[in-house]
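Trainee: I have a model open and would like to work through its packing. Can we go step by step?

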Amino acid sequence: MKVSVLMPTYNHETTISQAVESFLAQKCTFEIELWIGNDASPDKTLQIVEKYEKQFPEKIKIINHPTNLGLLKNYQSLINASTGEYFAILESDDYWISDDKLQHQIDFLDAHTDYGISVTRWKNEKKGELIPCGDSILEMTKKYPSEIYERFLLRNILKSPTVCFRRSVFEQYCNVEEYINAGFKTFDYPVWLSVIRHSRFHFLDETTAVYRFMDSSISNTKDINRKIEFEENIEKIRVYIIGKYGLGTLKWYQIRIRETIVKARIYFRFGRFGKSTTTFFSGLWKAIF
């Protein structure tokens, strides 16, 4: 199998059909498979994907978890079951809009074995509006071609439906069991950092995917406490990755200043102006002194 597409899902009956259809629309000269991990969804998600599995048994496989495992364990089950030389991520609230996305990315990765990951442009969907994105990654690759790892340590700007990455690099440098034991709340950030640290980074200047902003997502939540908790979990991931693979050319104070700015902005956007100010200046003091 050339590409295993991983789709963890929970309670996405309204969006998962579009995600699956966008997988089925891919035009490839190689074999691809879609592994769907249903994490005990109480809605009709399972019934919807079972119809696809019955119709396309050679391409679509379902792992149904009778009890909710959480995102990381769901991903782990999909990875263990899949057989692809490459992984692509297509979470069930996102979808692809280019039918040759996988073909173009895999063609490049096959031809350039020192590259471990390929990403593309995308569109953010907010309240039905599609906003083109990807300029920030293009600018980063031009301005910091030898410091991609460091840029992503400061800020994760990748969206998972745009990414393809090499299984061999993942298996050598990523450990999902450790992520689970450490209590990480997201799969993508530690994986991106680990793969980017140990292989070259490819940006395909094409728009291939739509990333939906869902209120149910912990990274896009409107609950300030959950938002701060998520950012603190991102900080934990950074500490873990830096402990294994180093800071690169960065200094710790640069990391801490960035984290302080992010938290201060969260409080500001939620109207907590006093908390934003104290968070900024106290964090700045600790980072510098």
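Mentor: Start with a term. A nonpolar core is a set of buried Ala, Val, Leu, Ile, Met, Phe, Trp, Tyr and Cys residues joined through side-chain atoms within 4.5 Å. Keep in mind that this is a predicted model.

Trainee: Which residues touch the most other members in the largest nonpolar core?

Mentor: That core holds 52 residues. Its largest share, 7 residues, comes from H10. The members that touch the most others are Ile117, Phe165 and Phe201.

Trainee: Which residues does phenylalanine 165 touch?

Mentor: Leave out residues up to four places away in sequence. The partners of phenylalanine 165 are then Tyr86, Phe87, Ile89, Gly116, Ile117, Phe170, Val191, Trp192 and Val195.

Trainee: How many residues are in the second, separate core?

Mentor: Look for Phe30, Leu34, Ile36 and Ile60, which are included in it. The size of this second core is 29 residues.

Trainee: On to H11. What span should its 18 residues have?

Mentor: Helix H11 covers residues 252–269. The rule is 1.5 Å times one less than the number of residues.

Trainee: Which helices do the buried residues of H11 pack against?

Mentor: First find the buried residues of H11; among them are Ile255, Val262, Ile266 and Tyr267. Glu259 and Lys263 are also buried. The buried residues pack against H6 (148–154), H10 (224–245) and H12 (273–288).

Trainee: Are H11 and H12 roughly parallel or roughly antiparallel?

Mentor: Their axes lie 8 Å apart, at an angle of about 175°. Angles over 145 degrees count as roughly antiparallel. Therefore H11 and H12 are roughly antiparallel.

Trainee: How do the residues of that contact divide into nonpolar, polar and charged?

Mentor: H11 contributes residues including Tyr253, Ile257 and Phe268. H12 contributes residues including Phe273, Phe280 and Leu284. The contact divides into 10 nonpolar, 4 polar and 3 charged.

Trainee: Which glycine just after H11 takes a positive phi?

Mentor: Its phi is about 80°. The residue is glycine 271.

Methods: Residues numbered from 1 in each chain as written. Predicted model: local features only at pLDDT ≥ 70, side-chain atom pairs only at ≥ 80, totals over all residues. Heavy atoms only, no water. Helix = DSSP H or I, 4+ residues; strand = E, 2+ residues; numbered from the N terminus. Buried < 20%, exposed > 50% of the residue type's maximum accessible area, 1.4 Å probe, protein only. Contact = heavy atoms within 4.5 Å. Axes fitted to C-alpha atoms, helices over the stretch in contact; angles between N-to-C directions. Parallel < 35°, antiparallel > 145°, perpendicular 65-115°, else oblique. Nonpolar A, V, L, I, M, F, W, Y, C, P; charged D, E, K, R; others polar.
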